[in-house]
Structure formats: structure tokens, C-alpha cells
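User: Hello! I am new to this structure and would like to learn how to read its features. Could you take me through them, giving the general idea before each case?

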Amino acid sequence: VQLVESGGGLVQAGGSLRLSCAASTQTFSSYDMGWFRQAPGKEREFVAAINWSGGRTLYADSVKGRATIFRDNRKDMVFLQMDSLKPEDTAVYYCAAAGFLTADENGYDYWGQGTQVTVSS
């Protein structure tokens with residue numbers, strides 16, 4: 001499974017971004033998907049996850065209420081809508097695929113290369 005993120009960029013605090021992740025697999029709908037991020041000098045952390053059908057989601061407390069994860073299984077894509085962005089949201093954002101819904105990065109088998117999000121104050 002190959003995952004390719006897009007949609008990152010530079011945005012002012014308070015702004016919004018929609019990150020996209022395209023999967024190259026014919027079995028995309030069998031995977032639970034997650035978004036993680038890694039800020040400079042920090043460990044990678046969980047952001048959000050969604051189960052195979054889109055019916056269940058998980059969010060990190062740091063983004064709850066500001067982030068929405070959703071997917072389109074017809075297009076083999078998962079998205080992360082981020083609103084009310086803060087400078088502390090600055091990080092490289094990664095999407096990942098897992099066989100079950102989890103916030104633990106060790107549960108994810110496939111990872112994308114990441115997309116940079118920079119939030120200016």
C-alpha cells in the first residue's frame with residue numbers, strides 16, 4: 001500500500017487546511033486510517049483515526065473540536081480538515097493505514113512520506 005499526502009502549506013493562525021491522502025490499493029476500504037504529526041524536535045504523535053467504513057473516529061485531545069477526519073472509499077482517499085489552526089499545529093503530517101482502529105502508531109503498517117504544515121502567528 002502506497003500513501004501520498006498533499007494539501008500542506010503555510011497558513012496563518014486561525015486559518016484552515018484540508019490534508020488529503022491518496023492510497024494506491026484496491027483494498028483501501030479494508031483499512032482503518034490515521035493521521036499523525038511530528039513537530040521539529042518532538043516525537044511523532046497521533047492526531048486522528050477513522051475506521052474502514054467511516055463510522056468511527058478517534059481524535060487527540062489537542063485537536064478535538066478543530067479537526068475532522070473523513071474518507072471516500074470510492075476514491076481511495078482519506079482527509080483531515082483542520083480549522084482554527086494554531087502555531088503549535090506546525091508539523092509534518094503523515095497518513096497511515098492499519099488493520100484496526102487505533103491511536104497507537106505501532107498499529108499502523110503503512111505510512112506516507114508526509115506533508116508539511118506551517119502555521120504562522
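User: Where does Ser20 lie?

Analyst: Strands are DSSP runs of type E with at least two residues, helices are runs of H or I with at least four, and both are numbered from the N terminus. Ser20 is found in strand β3, which covers residues 17-24. A word on the source: this is a predicted model, in which local features need pLDDT of at least 70 and side-chain atom pairs count only at pLDDT 80 or more, while totals for chains, interfaces and linings use all residues. Residues are numbered from 1 along each chain as its sequence is written, and side-chain values use heavy atoms, with hydrogens and water left out.

User: Is Ser20 buried or exposed, and which residues does Ser20 touch?

Analyst: Buried means under 20% relative accessible area, exposed means over 50%, and partly exposed is in between, using a 1.4 Å probe and protein chains only. Ser20 has a relative accessible area of 14%, so it is buried. A contact means heavy atoms within 4.5 Å. Leaving out residues up to four places away in sequence, Ser20 touches Val4, Glu5, Ser6, Trp35, Met77, Val78 and Phe79.

User: How many helices and strands are in the chain?

Analyst: The chain has zero helices and eleven strands. Read from the N terminus, its elements run β-β-β-β-β-β-β-β-β-β-β.

User: How do I read a disulfide, and which residues form one here?

Analyst: A disulfide is a covalent bond between the sulfur atoms of two cysteines. The test used here is a pair of cysteine sulfur atoms within 2.5 Å. This structure holds one disulfide. Its partners are Cys21 and Cys95, with sulfur atoms 1.9 Å apart. This pair links distant parts of the chain, with Cys21 in strand β3 and Cys95 in strand β9 (residues 91-98), 74 residues apart. The torsion about the S-S bond of Cys21 and Cys95 is about 40 degrees, so the disulfide is right-handed. Both Cys21 and Cys95 are buried.

User: How many aromatic pairs does a search of the whole structure find?

Analyst: Rings of Phe, Tyr and Trp (its six-membered ring) pair if their centres lie within 6.5 Å; planes under 30 degrees apart count as stacked, over 60 as edge-to-face, and the rest as tilted. The search of the whole structure finds six aromatic pairs. One of them joins Phe36 and Phe46 edge-to-face, at 5.6 Å centre to centre with 70 degrees between the planes. Phe36 lies in strand β4 (residues 32-38) and Phe46 in strand β5 (residues 45-50), so this pair ties together parts that are ten residues apart in sequence. Both Phe36 and Phe46 are buried.

User: Why is the pair of Phe36 and Trp111 tilted?

Analyst: The ring centres of Phe36 and Trp111 are 5.0 Å apart and their planes are at 55 degrees, so the pair is tilted. It links distant parts of the chain, Phe36 in strand β4 and Trp111 in strand β10 (residues 108-111), 75 residues apart. Phe36 is buried with a relative accessible area of 1%, whereas Trp111 counts as partly exposed at 23%. Phe36, Phe46, Tyr108 and Trp111 form one aromatic cluster.

User: What sits over the ring of Trp111?

Analyst: A charge sits over a ring if NZ of Lys or CZ of Arg is within 6 Å of the ring centre and within 35 degrees of the ring normal. The charged end of Arg44 sits over the ring of Trp111, 3.8 Å from its centre. The charged end of Arg44 also sits over the ring of Tyr94, 5.4 Å from that ring's centre.
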